[in-house]
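Here is a short briefing on one helix pair and a few backbone features. Please keep the structure open while reading.

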Amino acid sequence: MIMGALQALDKQYIAGTYARFPVELIEGKGSLLRDADGKEYIDMGSGIGVTAFGIADTQWQNAVIAQLGKLQHTSNLYYTEPCAKLAELLCQKTGMSKVFFGNSGAEANECAIKVARKYAAEKKGAEYSTIVTLKNSFHGRTLTTLAATGQEHYHELFQPLTPGFVHVTAGDLDELRQVISTHKVAGILMECIQGEGGVLVVDGDYIRGVAELCRQQDILLMIDEVQTGNGRTGKLYAYMHYGITPDVVTTAKGLGGGLPIGACLMSEKVQHVLGFGDHGSTYGGNPIASAGACSVISRIDDALLAEVSEKGRFLHDFFAGAPGVKSVSGLGLMVGIETEKPAAEVVKACMERGVLCLTAKSKVRLLPALNIPMEQLKKAAEIILECCK
Ligand SMILES: *Cc1c(COP(=O)(O)O)cnc(C)c1O
């Protein structure tokens, strides 16, 4: 298709919810992408933290293709091996007890919210329905996960949202104590690093304080690892940096390596909360997505995580204090760069010079593939820095 024609076709028929960049990507390998003009890009966004091992990664591709040749879908009326194996892997690596599979981050969070409400209703009474989340958080686009999302501007046009959500300020334990004493709280849902909110690292003492409050009051601690999960921050899940034990962990994005899958992990305490008929998904735990996810999760070992941490430190050291850079935030390969120029301008300049980056609020956000080769990472960092000046 000639350049321009695809963009016109897309604009005519695709709902106008996305402000796409004028780039038509057609193929890639690892952390390199190519557009319809044959121009090459270093991928520093990995499809918003999804292609964990890059584009067309051979191991991931082999796992997916092998499953594609056998069975693509059965519905959840029958047993299939890939989702059971994936659930086993996730539980073995986290100490959690059960997994519910959906197809996205929002669905994983919907499941978590249902778990919290049912657990509290049975344990304390149906009036214990409030879910506390953090201001500036992002939990998804369904009407319930929008209600959970602590950013008013997402809410305005879609009232009424699901009731029963209260947003508190990250770092302020007194405010949380106050909310717990004045509301009947079922659970707290939070990110350890607010991704869409601007790659803001939530204070570790606050996270541990929240965990302790939850434990004392039998309120479910639910950690949203949709963006921070699956090796992104240098641990399998970001909560593992803080020595806490969540009751529920949600994840998606990098889990599937590029195919849609979301997971809600439940600890021993809540493993039996959802019973027969309480929840479901036609596609959830789809064999192909699950086979790909098994390949992703089984490769996130200590050596890879050490590599992610090291590359993250490189990016921090490279950008911190550099000309045009105001500050650097994040952990591992989840990096936010506060730039002197508007972030959108930097991202546009990078794109012209063959580096694809993301923004998060007013920052440039980097979420490269976990296995991006060091020389590509360095080259991309140099170009990004030149675009910051
Ligand atoms: C992206 C994201 C979601 C939503 O995931 P979808 O797959 O788009 O539904 C939820 N929570 C966090 C922290 C995210 O980054």
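A residue counts as buried when its relative accessible area is under 20%. Ser46 has a relative accessible area of 0%, so Ser46 is buried. The model is predicted.

Most residues other than glycine have a negative phi, and most peptide bonds are trans.

- Ser46 is not a glycine, yet its phi is positive, near 40°. Ser46 sits in helix H2, which covers residues 46–49.
- Val199 also has a positive phi, near 50°, and is a residue other than glycine. Val199 belongs to the loop between strand E8 (193–194) and strand E9 (200–201). Its relative accessible area is 0%, so Val199 is buried.
- The peptide bond between Gln159 and Pro160 is cis, with omega about -5°. Pro160 lies in the loop that runs between helix H6 (143–148) and strand E6 (165–168).

Two packed helices are described by the angle and the distance between their axes.

- Helix H4 spans residues 81–94 and helix H9 spans residues 287–299. Their axes come within 8 Å and cross at roughly 30°. Angles under 35 degrees count as roughly parallel, so H4 is roughly parallel to H9.
- The H4 and H9 crossing is left-handed.
- On the H4 side, the contact involves Pro82, Cys83, Lys85, Leu86, Leu89, Leu90 and Lys93. On the H9 side, the partners are Pro287, Ser290, Ala291, Ala293, Cys294, Ile297 and Ser298.
- The contact residues of H4 and H9 comprise 10 nonpolar, two polar and two charged.

Technical notes
Residues are numbered from 1 along each chain as its sequence is written. This is a predicted model: local features need pLDDT of at least 70, side-chain atom pairs count only at pLDDT 80 or more; totals for chains, interfaces and linings use all residues. Side-chain values use heavy atoms; hydrogens and water are left out. Axes are lines fitted to C-alpha atoms, for helices over the stretch in contact, and angles run from 0 to 180 degrees between N-to-C directions. Helices (H or I, at least four residues) and strands (E, at least two) are DSSP runs, numbered from the N terminus. Angles under 35 degrees count as roughly parallel, over 145 as roughly antiparallel, 65 to 115 as roughly perpendicular and the rest as oblique. A crossing is left-handed if the near helix is turned anticlockwise from the far one by less than a right angle, and right-handed if clockwise. Contact means heavy atoms within 4.5 Å. Ala, Val, Leu, Ile, Met, Phe, Trp, Tyr, Cys and Pro count as nonpolar, Asp, Glu, Lys and Arg as charged, and the others, Gly among them, as polar. Buried means under 20% relative accessible area, exposed over 50%, partly exposed in between (1.4 Å probe, protein chains only).
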